[in-house]
Amino acid sequence: MPLDQSFVGRSYPPTAPYEVGREKIREFAEAVGDANPVYTDPDAAKALGHPDVIAPPTFVFAIAFRAAGQVIADPQLGLDYSRVVHGDQKFAYSRPVRAGDRLSVTSTIEAIKSMAGNDIMDVRGEVRDEAGEHVVTTIIKLVARAAGED
């Protein structure tokens with residue numbers, strides 16, 4: 001059964017704050033193979049005008065995807081997560097994510113469409129710091145494969 005179009009525009013409550021730590025940033029930078037010193041060396045980050053180390057651009061995916069879990073788990077939506085694959089990811093930054101940030105995400109269903117029996121859903125995540133300032137907007141595209149596509 002296709003996802004209900006009436007869910008487009010539905011927002012979910014902001015997540016509890018996620019505190020961004022230097023060690024998490026370093027681990028992520030190493031995992032993706034990015035040796036840029038602004039991700040691991042506070043002095044290198046400060047030399048470029050940042051108050052502390054910053055996170056690689058895709059770091060925030062983990063925070064936004066966790067927040068999108070509210071959408072995925074919504075029983076009224078009826079999404080069969082066992083059929084879902086990650087289709088795409090976009091980021092629009094106001095500023096970099098920094099060590100020490102406490103970030104909350106508000107998820108909104110941006111779009112739902114069906115193509116060839118597959119449901120395609122875009123979930124927008126508005127990521128804000130503890131002061132309520134916008135940090136980044138993420139768009140996560142999820143594709144729920146049609147039944148029988150194993």
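**View 1. F61 and F65 sit about one helical turn apart, since they are 4 residues apart in helix 3.** Helices here are DSSP runs of H or I with at least four residues, strands are E runs of at least two, and both are numbered from the N terminus. This is a predicted model, where local features need pLDDT of at least 70, side-chain atom pairs count only at pLDDT 80 or more, and totals for chains, interfaces and linings use all residues. Residues are numbered from 1 along each chain as its sequence is written, and side-chain values use heavy atoms, with hydrogens and water left out. F61 and F65 make a stacked aromatic pair, 5.4 Å centre to centre with 25 degrees between the planes. (Rings of Phe, Tyr and Trp, the last by its six-membered ring, pair if their centres lie within 6.5 Å; planes under 30 degrees apart are stacked, over 60 edge-to-face, and the rest tilted.) The structure holds 3 aromatic pairs. F61 is partly exposed at 25% relative accessibility, and F65 is partly exposed too, at 24%. (Buried means under 20% relative accessible area, exposed over 50%, and partly exposed in between, using a 1.4 Å probe and protein chains only.)

**View 2. Helix 3 has a set of buried residues: I63, A64, A67, A68, V71 and I72.** They pack against strand 1 (18-19), strand 3, strand 4 (118-128) and strand 5. (Contact means heavy atoms within 4.5 Å.) With 12 residues, helix 3 reaches 15 Å from its first C-alpha to its last, close to the 16 Å expected. (The expected span is 1.5 Å times one less than the number of residues.)

**View 3. Here's Q89, a residue of strand 2 (residues 84-93).** Q89 counts as buried because its relative accessibility is 16%. Its side chain makes a polar contact of 3.3 Å with the side chain of H86. (That's a pair of N or O atoms within 3.5 Å; within protein, one must be able to donate a hydrogen and the other to accept it, and residues adjacent in sequence count only if both atoms are side-chain atoms.) A polar atom of the Q89 side chain also lies 3.2 Å from the backbone oxygen of I139. Leaving aside neighbours within four places in sequence, Q89 is in contact with F61, T138, I139 and I140.

**View 4. The largest nonpolar core has 21 residues.** (A nonpolar core is a set of buried Ala, Val, Leu, Ile, Met, Phe, Trp, Tyr and Cys residues joined through side-chain atoms within 4.5 Å.) Helix 1 (22-31), helix 3 (61-72), strand 3 (102-115) and strand 5 (134-144) each give it two or more residues. A second, separate core of 17 residues includes F7, V71, I109 and I112.
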